Amino acid sequence: MNSVKPSSLHLQPIILCGGSGTRLWPLSRKSLPKQFVPLIGGKSLLQATFERVAELVPQGAVWTLASEEHRFLVRDAAEAAGVAWLSLLEPVGRNTAPAMAVAALNAAPEQLLLFLPADHHVPEKALFLQTLTEGVAAAEQGGLVTFGVTPTQPHTGYGYIQVEASAEPAKPVRRFVEKPDQQTALAYLAAGDYFWNAGIFLVRADALLDALEQHAPDILDSARLTVAGQREDGQFIHLPAEAFAACRAESIDYAVLERHQPVAMVPFRGAWSDVGSWNAVAELAQADEQNNRILGQGHVYQAQSTFIHAPHRPVVALGTENLLIIDTTDALLVAASSHAEQVKEVVAQLQEAHVPQASQHRHAARPWGEYDAIDEGHRFKVKRISVKPGASLSLQLHHHRAEHWIVVKGTARVTCGDESFLLTENQSTFIPIGTPHRLENPGRIPLEMIEVQSGSYLGEDDIRRFDDDYGRN
């Protein structure tokens, strides 16, 4: 099968951007998962991943596999990293095996594919890239190569890989094991031949397809039908919903790696975190003498082993011990450190109870900019809206609400019915119910404005689009 963009590159990085990251709720939610949230050093984990692998493709593009829902978040992260990119878009989540099969079908058969998660923290870039090169020879010979992290503690939140002794950089894998209990993890650490499973894979495209044909032919068949119907849209490759949704959901570990030979593992000896829980995030922050760790505007008094994430306002912990305190603009989590792995279960219960904050942020990113729903009540909602220079919202109307727009900064071009006019700072306008309208930023600085909605229904789904630069319905 021909590739979408034929490449002569030796190694093609493909970033896996799926996953909801609910263990990092309330910061990470379905509408804005952890890989897109500015979490470390003001950068998102995805942006940092783009930067980590960019030099592998100096003349090409980094590929991503991402949800249709998050496609513009991927674009923004790539642009922030300054890298060329191409994104294969999944209409529904089907885990890593189908996603990787689709990517391999889009590559040249002999192409080496590097699959890596979007949401890991790897501060030692040079060591990481050096480790990747140690797996190239085994992958070029048709082996499936994975990467393991040398454990520094008996961690119970990671899967493990046991390897055989070998002088080669890529060591034969004896077995994959699930997350252990504390006693088993201690035994793994003492044994010295177990490594944390980093979820990173290096493989020739044809070798991966051969392995899928052998162990998961139904997944490969569905992937072939999917690729046959895919549609290109600039740097986005849209996968057909019906074909991809029909594919069996399975991880590459279960579908192939745990059943295939040969599989080799290259050990990585640098700092690494999957940022998979709030305890993992806390470990990335500097501890004080009482083992308290603070990100943002946290304050501790007579406290021990307390972590505070408070980016928006002062949060005070008095006399606390072994607590996680995560503050956002519309939800607060206070949890015992020992219960960090159970946050995901709590989020599922909140979703069943139809609590909107379980999945949606008050602040929402959009392809044209962003908005923050700063207040709402009976028959009204107030938003702070920011539009990027040169960007525009869709031409649209609402059946149940009117809108008042007040420009705070920049210049707005407004279409309201048959009229089109400019608004500058401190000027305002009114959009009646049922009137087609559009907001554009013709200037060179961000447009910032306040929108006041009023009406009988203020849901985001009360929108009828006539024309949209971003292909939304």
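**Close-ups of a predicted model**

**View 1. Where helix α3 meets helix α7.** Met100, Ala101, Ala104 and Leu105 on the α3 side touch Ala205, Leu208, Leu209 and Leu212 on the α7 side. Sort the residues of this contact by type and you get 8 nonpolar, no polar and no charged. Everything shown here and below comes from a predicted model, not an experiment.

**View 2. How the two helix axes cross.** A pair of packed helices is described by the angle between the axes and the distance between them. Here α3 (residues 96-105) and α7 (residues 205-215) have axes that come within 9 Å and cross at roughly 135°. That angle makes α3 oblique to α7. As for handedness, α3 goes past α7 in a left-handed crossing.

**View 3. Helix α3 in its surroundings.** Of the 10 residues of α3, 9 are buried, so this helix is largely enclosed by the rest of the structure. The buried set runs through Ala97, Pro98, Ala99, Met100, Ala101, Val102, Ala103, Ala104 and Leu105. Met100, Ala101, Ala104 and Leu105 turn up again from View 1, as the α3 residues that meet α7.

**View 4. The cis bond at Trp25 and Pro26.** Most peptide bonds are trans. Trp25 and Pro26, though, are joined by a cis peptide bond, with omega at about 10°. To find Pro26, look in the loop between β1 (11-16) and β2 (38-40).

**View 5. The cis bond at Gln261 and Pro262.** Another cis peptide bond links Gln261 to Pro262, and its omega is about 0°. Pro262 sits in the loop between α10 (252-255) and β13 (263-268).

View 6. Most residues other than glycine have a negative phi. Val275 isn't a glycine, yet its phi is positive, near 45°. You'll find Val275 in the loop that runs between β13 and α11 (278-283). Its relative accessibility is 0%, so Val275 counts as buried.

View 7. The loop between β24 (419-423) and β25 (428-431) is where Asn426 lies.

Key. Residues are numbered from 1 along each chain as its sequence is written. This is a predicted model: local features need pLDDT of at least 70, side-chain atom pairs count only at pLDDT 80 or more; totals for chains, interfaces and linings use all residues. Side-chain values use heavy atoms; hydrogens and water are left out. Helices (H or I, at least four residues) and strands (E, at least two) are DSSP runs, numbered from the N terminus. Buried means under 20% relative accessible area, exposed over 50%, partly exposed in between (1.4 Å probe, protein chains only). Axes are lines fitted to C-alpha atoms, for helices over the stretch in contact, and angles run from 0 to 180 degrees between N-to-C directions. Angles under 35 degrees count as roughly parallel, over 145 as roughly antiparallel, 65 to 115 as roughly perpendicular and the rest as oblique. A crossing is left-handed if the near helix is turned anticlockwise from the far one by less than a right angle, and right-handed if clockwise. Contact means heavy atoms within 4.5 Å. Ala, Val, Leu, Ile, Met, Phe, Trp, Tyr, Cys and Pro count as nonpolar, Asp, Glu, Lys and Arg as charged, and the others, Gly among them, as polar.
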